[in-house]
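Here is a set of questions about how terms are applied to one structure. Each reply sets a value beside the definition and then concludes.

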Amino acid sequence: MTDETTKEKYEGHGNNWAAFGEFGEPEFVSMGKKIIEDNKAIVKTQGELFGMIGYEPPIRALALIRKGEGEKSNLLDSMYPFLQIGNPIEIEISKIHEWGNKGEAIIEGSVAGPAVSFFDALYFLNKDKYKIGNTYLFNLAGLAHSFMKRTENLEFVPESGPMKGEKMDSSRMTAYMPNHDYGGEFTFCHPFTSFDGKIEAFGSTLYRYQFYIMSATENGAALSFPLFVSEKVLKGYKPELNDSVTGSGWLQGYLADSLRD
């Protein structure tokens, strides 16, 4: 791995678990115990760190464990939602923000032009493979923190410039904006089409929504990934066709061939 790394301002997964409901210490202990005792869990090891992936896809949980030496206990370093999906996208890496535990990181890069920032769910496993400036295939998926109907600034009239006085409509606008203060998080707006799937995870119902940004230079999507939206996040909102929706979320990725034996 290149030494061109910087520490991210915020390191944590609290907002991501909140998408499923209230998660306190008892819930985390119970979840970690279930993963570690699961004989069918996927186990990936690299140095003193190993990850155990439990629960059923596509929304699973990963327990990141630091191996103890001698009489020292193994440490449960971190635990976060793991989005196991097949959505390979070519991303050129521009920056790596490695977290203090050396096993988690935020990766910044670009895909067909647009900038992208995401949490690398298997960074501990693949960190030594990365080089700034190189392009890799990552599976990308998102978890929504908020998802609502956009009602502000849909129509406006410019007060100056070449379009002065002409009515503008932004209800069909699509945008993906990374939040550089909280790595991997983003805000978005998008015209709603439909939810194309429904799953259960961690006692919650989630809907699958395909988010995409069209390429400005060629046909097809420059950036596209499934966004999982829980009923808790929807707060009773039932989006209709062509609603302009907006919200925020967490983008996660991992090298596309990481789980192949």
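Q: Which residues are buried in H2?
A: In this predicted model, Met 31, Gly 32 and Ile 35 of H2 are buried, where buried means under 20% relative accessible area, exposed over 50% and partly exposed in between, with a 1.4 Å probe and protein chains only. Helices (H or I, at least four residues) and strands (E, at least two) are DSSP runs numbered from the N terminus. Residues are numbered from 1 along each chain as its sequence is written, and side-chain values use heavy atoms, with hydrogens and water left out. Local features need pLDDT of at least 70 and side-chain atom pairs count only at pLDDT 80 or more, while totals for chains, interfaces and linings use all residues.

Q: Why are the buried residues of H2 said to line one face of the helix?
A: Seen down the axis of H2, the buried residues fall within an arc of 100°, so they line one face; the arc is that of the directions from the helix axis to the C-beta atoms. On the other side of H2, Pro 26 and Val 29 are exposed.

Q: What makes the span of helix H2 agree with expectation?
A: The expected span is 1.5 Å times one less than the number of residues, which for the 12 residues of H2 (residues 25-36) gives 16 Å, and the end C-alpha atoms are 16 Å apart, so the two agree.

Q: What is the average pLDDT of the chain?
A: The chain averages a pLDDT of 88, with 90% of the residues at 70 or above, pLDDT being the predictor's confidence in each residue, from 0 to 100. Over residues 1-8, however, pLDDT stays under 50.

Q: Why is strand S2 called largely enclosed?
A: Six of the six residues of S2 (residues 49-54) are buried, so the strand is largely enclosed by the rest of the structure. Both faces are covered, with Leu 49, Gly 51 and Ile 53 buried on one side and Phe 50, Met 52 and Gly 54 buried on the other. In a regular strand the side chains alternate between the two faces of the sheet.

Q: How do you know that S1 and S2 pair?
A: Two strands pair if DSSP finds at least two bridges between them, and strand S1 (residues 42-46) and S2 have five bridges, in the antiparallel sense. One of the bridge partners is Phe 50 in S2, which belongs with Thr 45. S2 also pairs with strand S3 (residues 59-66) in the antiparallel sense, over six bridges, and there Ile 53 stands opposite Leu 62.

Q: What makes Trp 17 and Phe 202 an edge-to-face pair?
A: Rings of Phe, Tyr and Trp (its six-membered ring) pair if their centres lie within 6.5 Å, and planes under 30 degrees apart count as stacked, over 60 as edge-to-face and the rest as tilted; by this rule the count comes to 28 aromatic pairs. Trp 17 and Phe 202 are 5.3 Å apart centre to centre with 65° between the planes, and the pair is edge-to-face. Trp 17 lies in helix H1 (residues 14-18) and Phe 202 in the loop between strands S13 (197-201) and S14 (204-214), so the pair ties together parts that are 185 residues apart in sequence.

Notes: Contact = heavy atoms within 4.5 Å.
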